[in-house]
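Open the model in your viewer and switch to a cartoon view.

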Amino acid sequence: TKMTMSIAGEEQNISEIDSITFEEPQFEKVSIVYNGSTATVTIPSSFTGVTCTSGTSSHVVITSKNTSNEYLYYVEGSSSNGSLTINGEYKMSVMLGGVNLTSGKGAAVDIQCGKRIDIILADGTTNTLVDYAGGEQKAALYTKGHAEFKGAGTLNVSGNVGHAIAAKEYIELKGSLGTINVLKAVKDGIHCGKGEKATPEDNYFQMNGGIVTISNCGSDCIDSDDYGNVKIKGGTLTLNVSQKDGTGIKCDSLFTMSGGIVAFAVSGDIAEGIRTSYKATFSGGTIDGSVTGNGSRGIRGKKTTKTTDTTLNGG
């Protein structure tokens, strides 16, 4: 990317310069390039403590013992029998730069690090992740820590065993996010949570922006589990609930919506567009719901022994 600035004017001391060109800085990164049954992994010499133990196999395993630097892993290429596993102890960024992975072993991408993980969808790219139907993995895209999604690209995910996208802690969709399509999930489309009591601030699904569409789930489209909160602040969320007893958004703790658009179509029986277990507050945004399933509801505030308030302040 280049930007050219023209400088003119007699009063400028540097008026003899016709133009100035700024070049985007090139960041060092671990490069993972898939090509069918092989993958090429390039690790900069400055990335201390990072090793690859998979050779040229298309099932790449990278281990980082670094605990002081946030490294970038750039993933691209295509494999019909490939996967990426990253073991680490420090926060990291994983950029999907046009990758098409169908795993033959387990998850397509498995990040075994309990820290903050940035998942970046490179601008202008389409990325596809599909897990192995015969595996025991939790999701096609799994992070052990908390995942933050950003970048204006597109991500298509199919979960053939469990969830499509899952994190052990919170999941946050940033305002810069492009498009995420969950095409299939045997369990939840997006799953997060590890809480042990209601209202913990570090246990939530939060959407600030982006366009997210979730369909063909065996359980819930979005499940903020284990007393997880849900915060809808922006973006467009389209949920197709065709499964019996499923939900578009299942919130085990506090639900708040202050912006964005949530559109759900509930055709499964005994299902809900939005299900909340504790206090729910609607203060902005738009909900567009269609319910045709027998015994189903648009929004259900589940009665508990705690608080059962559902408050509409706007939107």
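Two strands count as paired here if DSSP finds at least two bridges between them. The model is predicted.

**Stop 1: a parallel pair.** Select residues 109-112, strand E10, and residues 139-143, strand E13. The two strands pair in the parallel sense, over three bridges. Now pick Asp-110; its bridge partner in E13 is Tyr-142.

**Stop 2: the whole sheet.** Zoom out. E10 and E13 belong to an open sheet of 11 strands with mixed pairing. Colour the strands in the order E5-E6-E8-E10-E13-E16-E19-E22-E25-E27-E29. Which strands stand at the edges? Select 50-52 for E5 and 297-301 for E29. Each has a single partner strand, so one side of each is left without a neighbour in the sheet. From one strand to the next, the twist averages 10°.

**Stop 3: strand E20.** Select residues 204-207, which form strand E20 and include Gln-206. Show the side chains. Tyr-204 and Gln-206 point one way, Phe-205 and Met-207 the other way, and all are buried.

Strand E17, residues 171-173, pairs with E20 in the parallel sense over three bridges. Strand E23, residues 229-232, also runs parallel to E20, and four bridges join them.

**Stop 4: Gln-206.** Centre on this residue. Is Gln-206 buried or exposed? Its relative accessibility is 7%, and the cut-off for buried is under 20%, so Gln-206 counts as buried. Gln-206 is the bridge partner of Glu-172, and in E23 the bridge partner of Gln-206 is Lys-231.

Then show its surroundings. Leaving out residues up to four places away in sequence, Gln-206 touches Ile-171, Glu-172, Leu-173, Lys-231 and Lys-233. Draw a distance to Asn-208 as well: a polar contact of 3.0 Å joins the two side chains.

**Stop 5: two loop residues.** Select Asp-226, in the loop between strand E22 (222-224) and E23. What is its phi? Asp-226 has a positive phi of about 50°, although it is not a glycine. Asp-226 is partly exposed, with a relative accessible area of 34%.

Finish at Ile-270. This residue sits in the loop between strand E26 (255-266) and strand E27 (272-276). Ile-270 is not a glycine either, yet its phi is positive, at about 50°. At 42% relative accessibility, Ile-270 counts as partly exposed.

Terms used: Residues numbered from 1 in each chain as written. Predicted model: local features only at pLDDT ≥ 70, side-chain atom pairs only at ≥ 80, totals over all residues. Heavy atoms only, no water. Axes fitted to C-alpha atoms, helices over the stretch in contact; angles between N-to-C directions. Buried < 20%, exposed > 50% of the residue type's maximum accessible area, 1.4 Å probe, protein only. Polar contact = N/O pair within 3.5 Å; in protein donor to acceptor, adjacent residues only side chain to side chain. Contact = heavy atoms within 4.5 Å.
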